[in-house]
Amino acid sequence: MDNAITHEMTKTHDLLIIGAGPAGLSAADAAAREGLSYLVIEKGTIANTIRQYPVGRTLFSTPNELEMRAGTLHPVREKPTREELLSHYIHFVLDRDLKINLDEEVIGIQQNGAEGFIVHTRRETETDDAQLTYNASRLLFAIGAMDHARRLNVPGEDLPKVHHRFIEPYPYVRKEALVVGGGNSAAESALFLSEEGARTTMAIWREDWENRDPKAGAMKHWVRTPLEREITEGRLRVILYKHVDEITTHEVTLTTETGEKRTIPNDVVFVLVGSDADLTLLKRLGVKTVPGKLTEIPIYDPETFETNVPGVYVAGHFTNARHIKAAIEVPQRIVPLIAKSLQSTIAS
Ligand SMILES: Cc1cc2nc3c(=O)[nH]c(=O)nc-3n(C[C@H](O)[C@H](O)[C@H](O)COP(=O)(O)OP(=O)(O)OC[C@H]3O[C@@H](n4cnc5c(N)ncnc54)[C@H](O)[C@@H]3O)c2cc1C
């Protein structure tokens with residue numbers, strides 16, 4: 001293995017895109033069409049967040065909300081599975097030969113006067129351990145909001161049986177599983193576990209359980225209906241809880257909404273209470289943020305998606321334009337504006 005070799009990249013890219021999720025891929029496509037010299041840096045795989053969905057999961061969205069080009073995503077059923085969508089994005093990259101460096105994380109960015117930015121990255125694979133540097137005139141952060149899984153901050157949360165992501169139900173057949181959370185991810189995971197024979201308890205706040213407003217993140221009806229069937233048929237238990245007190249190797253203690261302490265047997269815990277973007281790089285560049293509806297978000301121009309730091313743009317799930325549809329649409333709109341701003345810089 002090469003040990004931390006530093007390569008200096010002298011060429012200046014017009015646009016450096018951080019993240020190869022739907023937003024970053026859409027931006028790369030738009031940049032290629034605008035004739036920009038661009039590069040995407042992705043710390044994981046193509047569409048890394050979608051790869052982390054539960055195995056076999058069906059998307060909530062229809063193909064027209066997920067596809068990179070109209071009429072190109074053809075799932076077997078009405079909505080694609082995780083695997084069908086991943087394949088769609090991978091082949092979009094391959095077919096257009098989009099310029100993406102995978103397994104490479106952006107770890108630092110400096111302003112470089114009128115030249116733009118110097119971007120520092122680290123690529124760590126089984127065969128390579130390298131630090132690299134790039135010059136870029138414009139930056140587009142398309143980093144998603146999966147970096148920091150939210151925690152309960154209770155004793156025992158670091159035990160190996162506690163997970164903050166749910167990938168598959170198969171290891172938990174006939175085990176005592178607890179899912180903590182009130183959103184669709186938590187409900188869907190509880191459903192998968194219960195359907196595949198885990199003795200599942202879902203701990204949820206009453207306001208989430210009673211929420212029927214889709215705009216306020218209520219459980220989708222196609223998740224709630226089978227979930228309620230699991231409850232009626234005695235395979236799934238719901239506890240309306242106030243907080244989790246402690247997780248131990250074989251049990252979990254929680255306080256119910258009425259203040260009662262309940263200790264339940266437990267083999268595995270899934271804490272699925274959302275996740276937040278890592279805004280460190282943006283903040284170090286001087287980008288200002290505000291508290292959003294759900295989480296902290298960068299301040300940006302709603303037309304151009306440029307932040308208060310000239311030349312630094314944002315797109316995708318960590319802005320107000322959440323979900324895949326907006327993550328794809330926004331870069332198609334703003335990259336031509338970035339191309340124009342580059343032309344006017346050259347002209348002046
Ligand atoms: C379980 C689950 C189910 C969902 N279901 C749906 C659904 O059915 N329909 C829907 O529309 N949305 C759904 N979403 C939301 C959807 O996944 C996001 O809206 C979408 O992925 C946003 O795309 P994005 O490109 O903004 O961010 P992401 O897809 O999160 O991509 C960001 C990328 O940036 C990379 N990155 C971050 N920091 C760095 C760095 N420093 N250096 C290099 N790379 C970096 C990450 O590795 C990642 O690949 C779901 C989300 C989850 C968690």
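Predicted model: local features only at pLDDT ≥ 70, side-chain atom pairs only at ≥ 80, totals over all residues.

I started at the hairpin that joins β5 to β6, and I see that the link runs through four residues. Strands here are DSSP runs of E with at least two residues, helices are runs of H or I with at least four, and both are numbered from the N terminus. I looked up the pairing next: β5 and strand β6 (residues 129-141) run antiparallel, joined by eight bridges. For my notes, two strands pair if DSSP finds at least two bridges between them.

Residues are numbered from 1 along each chain as its sequence is written.

Then I went to the other partner of β5. β4 and strand β5 (residues 117-124) pair in the antiparallel sense over seven bridges. E105 stands opposite R122 in β5. These two strands also make a hairpin, with five residues between β4 and β5. I checked the turn and found G113 there with a positive phi of about 55°.

Next entry: the open sheet. What is the order of its seven strands? I read it off as β8-β14-β9-β10-β11-β12-β13, with mixed pairing. The edge strands, each pairing on one side only, are β8 (162-163) and β13 (261-265).

β8 pairs with strand β14 (residues 268-271) in the parallel sense, over two bridges, and H163 stands opposite F270 in β14. Strand β9 (residues 176-180) is also parallel to β14, with four bridges; there V180 has V271 as its bridge partner. Further along, strand β10 (residues 199-204) and strand β11 (residues 236-247) pair in the parallel sense over five bridges. M202 has V238 of β11 as its bridge partner.

On to the helices. I had α1 and helix α4 (residues 82-96) on screen: they pack at an angle of about 20°, with axes 11 Å apart. The axes are lines fitted to C-alpha atoms, for helices over the stretch in contact, and angles run from 0 to 180 degrees between N-to-C directions. So α1 and α4 are roughly parallel to each other. My cut-offs for that wording: under 35 degrees is roughly parallel, over 145 roughly antiparallel, 65 to 115 roughly perpendicular, and the rest oblique. α1 passes α4 in a left-handed crossing. (Left-handed: the near helix is turned anticlockwise from the far one by less than a right angle; right-handed if clockwise.) I listed the contact as L25, D29 and A32 of α1 with Y89, F92, V93 and R96 of α4, where contact needs C-beta atoms, placed from the backbone, within 7 Å. By class, I get five nonpolar, no polar and two charged residues for α1 with α4.

For those classes, Ala, Val, Leu, Ile, Met, Phe, Trp, Tyr, Cys and Pro count as nonpolar, Asp, Glu, Lys and Arg as charged, and the others, Gly among them, as polar.

Last, I looked around the ligand. Which of its 32 residues come nearest? I have G19, G21, N48, G144 and G316; a residue is near if its C-beta atom, placed from the backbone, lies within 6 Å. α9 gives the most to this shell, four residues. I sorted the shell into 15 nonpolar, 12 polar and five charged residues.

Note on methods: Contact = placed C-beta atoms within 7 Å.
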